[in-house]
Amino acid sequence: MHGDVDWRAGGLVLLGSMVGANYGVRLLHGLSLPVIQRGFALLLIATAVRLVWSEQPHQLAHGAAGHALLVVIGLVAGVMAGLFGVGG
């Protein structure tokens with residue numbers, strides 16, 4: 001069990017998600033309820049598609065590109081958390 005957590009990757013996702021959550025909350029105040037509902041529906045569909053067609057996680061990029069991708073993933077997750085109230 002030792003060494004199973006990639007702390008660098010987690011930190012990069014955290015960095016993006018902290019910025020994204022703040023932006024998502026600010027964005028929430030400018031959107032109408034139907035737009036938010038459609039966005040949440042799209043999030044649910046995208047999640048279902050990812051679950052159905054994913055056997056194992058794949059690393060999409062290595063090095064600096066991989067680190068940037070992790071920050072972007074965190075940013076998107078943060079916006080979703082702030083906007084839709086989803087998250088762990």
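1. Which residue takes a positive phi just after α3? Glycine 85 does, at about 75°.

2. Some ground rules come next. This is a predicted model, in which local features need pLDDT of at least 70, side-chain atom pairs count only at pLDDT 80 or more, and totals for chains, interfaces and linings use all residues. Residues are numbered from 1 along each chain as its sequence is written, and side-chain values use heavy atoms, with hydrogens and water left out.

3. The chain has three helices and zero strands. Its pattern along the sequence is α-α-α. Helices (H or I, at least four residues) and strands (E, at least two) are DSSP runs, numbered from the N terminus.

4. Buried residues account for 18% of the 88 residues. Buried means under 20% relative accessible area, exposed means over 50%, and partly exposed lies in between (1.4 Å probe, protein chains only). The accessible surface of the chain is about 6900 Å². Carbon and sulfur atoms hold 69% of that surface. Areas come from the Shrake-Rupley method with a 1.4 Å probe; for residues, only the protein chains shown count as cover.

5. Take contacts between residues at least 6 apart in sequence: 93% of them join residues at least 24 apart. Contact means heavy atoms within 4.5 Å.

6. Helix α3 has 22 residues, which should span 32 Å at 1.5 Å a residue. The expected span is 1.5 Å times one less than the number of residues. The end C-alpha atoms of α3 are 31 Å apart, which agrees. Its buried residues are Gly66, Gly74, Gly78, Val79, Gly82, Leu83 and Phe84. Their cover includes α1 and α2.

7. Serine 17 sits in helix α1. A polar atom of its side chain lies 3.0 Å from the backbone oxygen of leucine 14. Beyond neighbours within four places in sequence, serine 17 is in contact with Gly74, Leu75 and Gly78. Gly74 and Gly78 are among the buried residues of α3.

8. Leucine 31 lies in the loop between α1 (7-28) and α2. Is leucine 31 buried or partly exposed? Leucine 31 is partly exposed, because its relative accessible area is 30%. Setting aside neighbours within four places, leucine 31 is in contact with Ile36 and Leu83. Leucine 31 and leucine 83 are 52 residues apart in sequence, yet 9.6 Å apart in space, C-alpha to C-alpha.

9. Tryptophan 53 belongs to the loop between α2 (33-52) and α3 (63-84). Tryptophan 53 counts as exposed because its relative accessible area is 67%. With Leu42, Ile45, Val49 and Val52, Trp53 makes a nonpolar surface patch of about 590 Å². Patches are made of residues with over 30% relative accessible area and no salt bridge; like charges are joined within 9 Å, nonpolar side chains (Val, Leu, Ile, Met, Phe, Trp, Tyr) within 5 Å. A salt bridge is a side-chain nitrogen of Lys or Arg within 4 Å of a carboxyl oxygen of Asp or Glu.

Terms used. Polar contact = N/O pair within 3.5 Å; in protein donor to acceptor, adjacent residues only side chain to side chain.
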